[in-house]
Amino acid sequence: MAEYLNTHWLDIITTLLGLAYILLEYKASIWLWAVGFVMQILDIILYYQVGLYADCGMEFYYIAMTVYGFATWKFFKGHEHKKELPVTHFKRSLILPWTVATLVIWGAIWWFLATKTDSKVPIADSFTTALSFVGTWALARKYLEQWLIWIVVDVVTCVLYFYKDIPFKASLYGLYVIIAVLGYLRWKKMMITQKAGSE
């Protein structure tokens with residue numbers, strides 16, 4: 001047991017932090033950014049150790065987006081003075097640019113992993129990383145549809161992490177799928193309530 005814990009301690013700690021993160025995200029609590037920051041630092045080490053190089057590199061983007069997300073949620077000034085950043089829909093004008101960007105990023109990372117590293121899972125690793133770019137940005141902007149993006153990412157990541165023998169983190173992503181569905185419904189209700197309150 002001690003040997004198992006010694007092997008998987010980083011997986012366990014980041015899993016616990018990830019659980020706290022998703023619950024705070026579900027509640028739309030600004031504290032998700034602080035928990036996320038610590039988790040991302042530790043994830044860099046974990047993913048590098050198991051050869052998930054795209055996920056490892058993605059954590060540096062997450063760290064930057066954590067700072068951006070916190071600043072956006074904390075200091076947003078809407079049309080009404082000092083109004084909290086509301087939950088809104090992903091803008092239709094952004095769908096095509098973000099889709100193209102995601103495909104380009106996926107292809108570039110896939111090529112890099114397949115030709116420049118010893119990655120055994122370049123397609124899946126690059127896919128979840130590319131899609132996470134837009135998901136994290138959409139979360140920082142408090143777009144409702146960020147939950148739909150994360151459902152796709154979480155399903156693929158769950159399977160990938162079991163394959164890479166990080167079972168705690170893999171189980172967490174399985175739970176993420178359920179929480180993402182519930183989060184979508186909760187944020188949708190919040191958006192309707194906010195809209196009604198502003199009328």
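How many helices and how many strands are there in the protein? There are 7 helices and 0 strands. Keep in mind that this is a predicted model. Read from the N terminus on, the order of elements is α-α-α-α-α-α-α.

Overall dimensions next. The C-alpha trace spans about 55 × 40 × 25 Å along its principal axes. The radius of gyration is 17 Å. A compact globule with 199 residues would have a value near 16 Å, so the protein agrees with that expectation.

Now the packing. I'll take two helix pairs, and H3 is in both.

Start with H2 and H3. H2 covers 32-50 and H3 covers 53-75. Their axes come within 8 Å and cross at roughly 170°. Angles over 145 degrees count as roughly antiparallel, and therefore H2 is roughly antiparallel to H3. On the H2 side, the contact includes Leu 32, Trp 33, Phe 37, Ile 41, Tyr 47 and Tyr 48. On the H3 side, the residues include Cys 56, Phe 60, Ile 63, Phe 70 and Trp 73. By class, this contact has 15 nonpolar, 3 polar and 3 charged residues.

H5 is 122-140. Here the angle is about 5°, and the axes are 9 Å apart. That makes H3 roughly parallel to H5. From H3, the contact includes Met 58, Tyr 61, Tyr 62, Met 65, Tyr 68 and Trp 73. From H5, the partners include Ser 126, Thr 128, Thr 129, Ser 132, Phe 133 and Trp 137.

On to empty space. Rolling a probe the size of a water molecule over the atoms shows where such space is left. How many cavities of 30 Å³ or more does a search of the whole structure find? It finds 1. The volume of this largest cavity is about 330 Å³.

What lines the cavity? The lining has 27 residues. Nearest the centre lie Met 39, Tyr 62, Trp 150, Tyr 173 and Tyr 176.

Which helices supply at least two residues each to the lining? H1, H2, H3, H5, H6 and H7 do. By class, the lining has 13 nonpolar, 8 polar and 6 charged residues.

Conventions
Residues are numbered from 1 along each chain as its sequence is written. This is a predicted model: local features need pLDDT of at least 70, side-chain atom pairs count only at pLDDT 80 or more; totals for chains, interfaces and linings use all residues. Side-chain values use heavy atoms; hydrogens and water are left out. On a 1 Å grid over the protein atoms alone, a cavity is a set of points where a 1.4 Å probe fits but cannot get out, and a pocket is an open set with protein on both sides within 12 Å along at least five of seven lines; lining residues have an atom within 4 Å of a point. Grid points are joined across faces, edges and corners, and a volume is the space filled by probe spheres set on the points. Helices (H or I, at least four residues) and strands (E, at least two) are DSSP runs, numbered from the N terminus. Ala, Val, Leu, Ile, Met, Phe, Trp, Tyr, Cys and Pro count as nonpolar, Asp, Glu, Lys and Arg as charged, and the others, Gly among them, as polar. Axes are lines fitted to C-alpha atoms, for helices over the stretch in contact, and angles run from 0 to 180 degrees between N-to-C directions. Angles under 35 degrees count as roughly parallel, over 145 as roughly antiparallel, 65 to 115 as roughly perpendicular and the rest as oblique. Contact means heavy atoms within 4.5 Å. The radius of gyration is taken over C-alpha atoms; the globule rule is 2.2 Å times the number of residues to the power 0.38.
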